[in-house]
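The following note concerns charged side-chain pairs. Please read the numbered points alongside the coordinates.

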Amino acid sequence: MKNNAAGNAPAMRKKSAALPFGVVAAACVVYCLAVYIVLQKELVPGLAELPPGLFAASLVVPFALLAAGLFHIFLLADLLKRLTGRFLDSLFILLVIASGIFLLSDITLLSDIGKEYRLFDVTNEWAMLYGFTIFHLFVIITGVVVLKKRRAHAEGKNEAAYFTVHHIALISGLLGVAGVFLAMSGAAVPLRYATGFMVTLAVLALIPLLFILIYWRLRFLKERKKITMDEKQASDTAFAGLVALLSALPVYIVICTLDLLKALYLPVSFFILLLFFTQLIVFSSVILAKNK
Amino acid sequence: MKLQNNIRKLRFEHGEMSQQQLADLIGVSRMTIYSIEKGNYVPSTVLALRISQVFKKPVEEIFTLSPEKEDQKNEE
């Protein structure tokens, strides 16, 4: 067993740095929110140019977003270093990754608003921007609380990573299924763009899973050298794969039959993505159920 | 026939060893040790031999097959 006494000092120093960094990041996000509120009122089609004060204030926004982004990276690195394998911790890792991706979306939204406000209604873009900003604030504040409470050492790191991967796979599967149905419902975008939107949502749902899989492989490659799963984990994985395959076969047969009869009223990509994400849910659920 | 074991008892006899400590010694996860103790997972020969090396006891003293009559009584 490692000596905790030697390891505690660095962990305590990292905890004390997290709080001011988190406060600064939260303040930056609140600042951005305040600027957006004022900007939305000022950016009307007839506007010639921004008032000098507001223009100067808006120049700070990219740096504020950068500070928030750096805190996300810091937070994610710490969470990955101290994996616990608990569901809520895995969910929070996914939320941090999602919030980081949405930070990039903020930049895109601001750019779109800047280009389109004179000619088009940008209310939806503002709504998305506010939603993402509040989400960033929630993640940062929760992150500060989590960092303050976390233990100095995590035991059973490979086991924790194994469960984290499957928790995130389960959530990614659920998000993927929701995304597929959202895209095809026509509620978010017109149906002619549904396929592209659905693929985009599917990729977004998979990014956290790919990230954690790559991290797991790289992180423990050195330690385990040849294997990243013990015999029971490998056995559970094989069993879950069998269950996922058997549950998918009847659905494949139905899809192929409907396609041959020209009875599919939705594109095949919809069914393929839906099947993929449902199999992901089945696969990870079986593994988690076998390890209750 | 079901595989039974007395790993939990042996752990406590060996300085109140935790499941995690035993898992680290033989190179598996804590959940694997938990599942073996509960009888939900049958370890491989290699794993059983590693466990016997830790406790310095023959495999037959750690793992036993419960007779059929006991299985039926337990199921009733």
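1. A salt bridge is taken here as a side-chain nitrogen of Lys or Arg within 4 Å of a carboxyl oxygen of Asp or Glu. The model is predicted, with local features requiring pLDDT of at least 70 and side-chain atom pairs pLDDT 80 or more, while totals for chains, interfaces and linings use all residues. Side-chain values use heavy atoms without hydrogens and water, residues are numbered from 1 along each chain as written, and chains are lettered from A and ligands numbered from 1 in written order.

2. Over all chains, the structure holds 5 salt bridges. One of them joins B:Glu37 to B:Arg11, with the closest N and O atoms 2.6 Å apart. This pair links distant parts of the chain, 26 residues apart: B:Glu37 lies in helix α3 (residues 30-38) of chain B and B:Arg11 in helix α1 of chain B. Helices are DSSP runs (H or I, at least four residues), numbered from the N terminus.

3. B:Glu37 has a relative accessible area of 17% and B:Arg11 one of 4%. B:Glu37 therefore counts as buried, as does B:Arg11 (buried: under 20% relative accessible area; exposed: over 50%; partly exposed: in between; 1.4 Å probe, protein chains only).

4. In helix α1 (residues 7-13) of chain B, B:Lys9 and B:Glu13 are 4 residues apart, so about one helical turn separates them. Their side chains meet in a salt bridge at 3.6 Å, N to O. B:Glu13 is partly exposed, because its relative accessibility is 49%.

5. In chain A, the side chains of A:Asp236 and A:Lys232 form a salt bridge at 2.8 Å, N to O. Both residues belong to helix α7 (residues 231-260), 4 residues apart, and both are buried.

Definitions and conventions
Helices (H or I, at least four residues) and strands (E, at least two) are DSSP runs, numbered from the N terminus.
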